Amino acid sequence: MPLLTLTDRGLYCEPGDFYVDPWEPVDRAVITHSHGDHATWGSRAYLTSEPGIGVLQARLDPTAKIRGVRYGEAVSLNGVTISLHPAGHILGSSQVRLVHRGEVWVVSGDYKTDPDPTCTPFEPVRCHTFITESTFGLPIYRWPPQAEVFAEINSWWRFNASVGKTSMLYGYTLGKAQRLIAGLDPSIGPILTHGAVERMTATYRQAGISLPTTHYAGTAERRADSSDAIVIAPPHASGSTWTRRFGTQSTGFASGWMLVRGARRRRALDRGFPLSDHVDWPSLLQVIEATGAAEVWVTHGFTGPVVRWLKEHRVAARAVQTRFEGERDDEIVEGIEEAKLGS
Amino acid sequence: MRLFARLFTAIDETNATHEKVAALVAYFRGAPPSDAAWAVHFLIGRRPKRLVGSRKLAAWASVEAGLPEWLFDESYQAVGDLAETITLILPADGVSSELPLSRWVEERLLRLRGEDDDVQREVMLRSWRELDRRERFVWNKLITGSFRVGASQRLVIRALAEVSGVDEGVIAHRLMGDWEPTAEFFQRLLAPDTRDADLSRPYPFFLAHPLEGEPAALGQAGEWIAEWKWDGIRAQFIRRAGKTFLWSRGEELLAGRFPEVEEIGALLPDGTVIDGELLPWSDGKPLPFAQLQRRIGRKNLGRKILEDIPAVLIAYDLLEEGGRDIRSHPLSQRRERLSSLVGTVASAGRLLLSLSLPFTTWEDLGDARRAAREVGAEGLMLKRLSSGYGVGRRRGDWWKWKVDPLTVDAVLIYAQGGSGKRAGLFTDYTFGIWEGNHLVPFAKAYSGLSDEEIRRVDQFIRRNTLEKFGPVRTVKPELVFELHFEGIQPSTRHKSGIAVRFPRMARWRTDKKPEDADTIETVRALLKSVTREEQT
Ligand SMILES: [Zn+2]
Ligand SMILES: [Zn+2]
């Protein structure tokens, strides 16, 4: 019997009697990271990485019972050894490694291999069976060097500031916003934040991540002068009345989806910055190879093409459905979540 | 190519009209005229005929990228645009190219025509390797002939007017008709001397805005005329220096397509330009538009088809008289002249004056509008008697007042990805109506929804796909839409036995369940009532 099986509540480990990223409340949940499509409210007990406790607590209800373990530290649950390893996706994100009777499984959660100053870098983990995400599992997705993307963001901001336009930069509240803030050049002007972003950024700081100074953009009426500022806000704020207080503006969105022109134009944005917290196509294939896995389960994204590619390259592979099925799930899920959080 | 790609990027990276125009102005000022001419050519949407098939482009790009073709196809599905898909999968960028646009077009792009596959492949691979990512995208767009970049013809005209100091109307006129994108052309385009009427050149068409609400808001009924709004081919009829030219609104020269109409040219004085509508016409009334389509579809117009589907030009307006541009004269005067001119060729029966419908109050006109379908018209045109003949679509003086559309509630059953701005989204839908327990495909529509609605429908489709057939998905029949359309006809080519004209989604009926949608019986009844109207 496989160590993990897919049930209607998510990936279940029968010998250990726990779930990984369940989508319904369960007794014991091991959480890869705090995004809404991975961390669901209402379980009895959570296990996550130590650096991720703060953000998980912020996303669940404050009384949720969360246990943190250091990266690499082994814990045992009913004879199954569990350890968490950095996934490089957002603060505290982990790959879950399970060992039972000599068999090693790894659940990747979401991950990226590009460096990110706001979280521990990804470490490849060897295993027999690897369960990988495939959000950007098509060869059109190849990230430009991130130094280039940040240089573009900063020069866009600098130009806007020089012509008296506020730079509205949209990115997901948890992870993307902090990574953006870390990469901005504070000498250009003030960095303002939407309330949801400001709260999450404070949680990052409490976890010891050092970030440039930010100012909460407030709920007050139109600011006297924000024309040299950059405003970091969640995507759902785009086009809302909240944005009007900032006067003339240029709009940008930071996301891997922005690599495709149509995705940007649909949102009627001025600029799209292809900055992703997921692996691109070449990195996805490299990581799969580095795990040495004999079998690969593909989930969460372009499962079909990735499975077919692996099979054509003689890797045993199968697609695993998640509740959030479809090609742009991450965006949809995070978008829905942002909308729910409102604020 | 670098400058042109930069222009493209500048236009593409802003939503502000004045910034787009500023980028165009800067380009037209700085670029060599031979490049600027090609830039104008592409930006206003002209394009060379498809030079290389998409299948071939996809295959060469896949090989260059080391990918199997199925994976190219999957990628194309996600991107929705061939030029962009190729750009995104090709291996690392080449260096940027200094070679000017005109040489890229003349020495490479146009040379592709008629070459065998090996040569074409060689040119494409060499070009991709020489260009950086942005330039590659622009190049691929030129090759695939779908160069629309968010700078409308209007913006290009505005920028050219700013660069030259010449009136926008003159620029628009100079851009009509046949021209070659050469340096000389670009210089003529900007020339301050505006007496340059090329023999064949038509005037820009003046278009009406749809009237929403009641005409009473237009003021005094006595200041307006009303005509039938016909559903044919809007055209300009030109007679100059002993030659006749017939242009469609799509700026296509209709030479030889309507010989019986062109014959009238010989009876008209030189320096005459008439705006009108080509219609299939028999026994004093129009034939269904489908008849005209049959005729347009023919390579050779035999005597039989000319007899079966004779065409006329319904004359709406007179734009040039005795070689003089009279577009600024009031409509009342232009119509008077038009009327006497048409009178001189009345016996030929091929040029008919558009009727001015009698009415004294706006209420009278409401009755006329309701009768439109009976005479085979789409509704009414309302024109202010004092109006000049303008350029493009403007609010104020000309309005189209269409008859209320026909409507049917139908269920979304198939979906397909869109292209361009709608790339990567499911935006093209097929709708079904009930025949017993089955939904038969009834109409296709892809316009009418807001961006927000499109996104929601797209998400629904992704989560409720039943099967995939290539790019088409069958969808759980759950969403109901109110479709509007302009005409309905029996058809042997459609499963439902019915064909509709200009279907669009008027409303997403979230209040209706699929079982509330219309049935084939109700739609047949609608068809019957409409054809009955047409027969009386
Ligand atoms: Zn995530
Ligand atoms: Zn995720």
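Two strands count as paired if DSSP finds at least two bridges between them. On this criterion, six strands of chain A form an open sheet in the predicted model. Their order is β14-β13-β15-β12-β16-β17, and the pairing is parallel. Strands β14 (215-216) and β17 (271-273) of chain A lie at the edges, each pairing on one side only. Strand β13 of chain A spans residues 191-193. Two bridges link β13 to β14(A) in the parallel sense. In one of these strands, β14(A), A:His215 is the bridge partner of A:Leu192. Strands of a sheet pair through backbone hydrogen bonds, either parallel or antiparallel.

The metal site was examined next. The zinc ion (ligand 1) has these protein donors: A:His33 through NE2, A:His35 through ND1, A:His89 through NE2 and A:Asp110 through OD. They lie 2.2 Å from the ion. Along the sequence, the donor residues follow the spacing H-x1-H-x53-H-x20-D.

The geometry around the zinc ion (ligand 1) is irregular, because the four donor atoms subtend angles of 90 to 167°. A tetrahedral assignment requires all angles to lie between 85 and 135 degrees. For four tetrahedral donors the ideal angle is 109.5 degrees.

A:His33 has a relative accessible area of 2%, and A:His35 has one of 3%. Buried means under 20%, so A:His33 is buried, and A:His35 is buried as well.

A:Asp110 bridges the zinc ion (ligand 1) and the zinc ion (ligand 2). The two ions lie 3.5 Å apart.

How values were computed
Residues are numbered from 1 along each chain as its sequence is written. Chains are lettered from A and ligands numbered from 1 in the order in which they are written. This is a predicted model: local features need pLDDT of at least 70, side-chain atom pairs count only at pLDDT 80 or more; totals for chains, interfaces and linings use all residues. Side-chain values use heavy atoms; hydrogens and water are left out. Donors are N, O and S atoms within 2.8 Å of the metal (3.2 Å for Na, K and Ca); water is not among the atoms, so sites may look incomplete. Four donors count as tetrahedral if all angles lie between 85 and 135 degrees; four count as square planar and six as octahedral if opposite donors are over 155 degrees apart and all others between 65 and 115; anything else is irregular. Buried means under 20% relative accessible area, exposed over 50%, partly exposed in between (1.4 Å probe, protein chains only). Helices (H or I, at least four residues) and strands (E, at least two) are DSSP runs, numbered from the N terminus.
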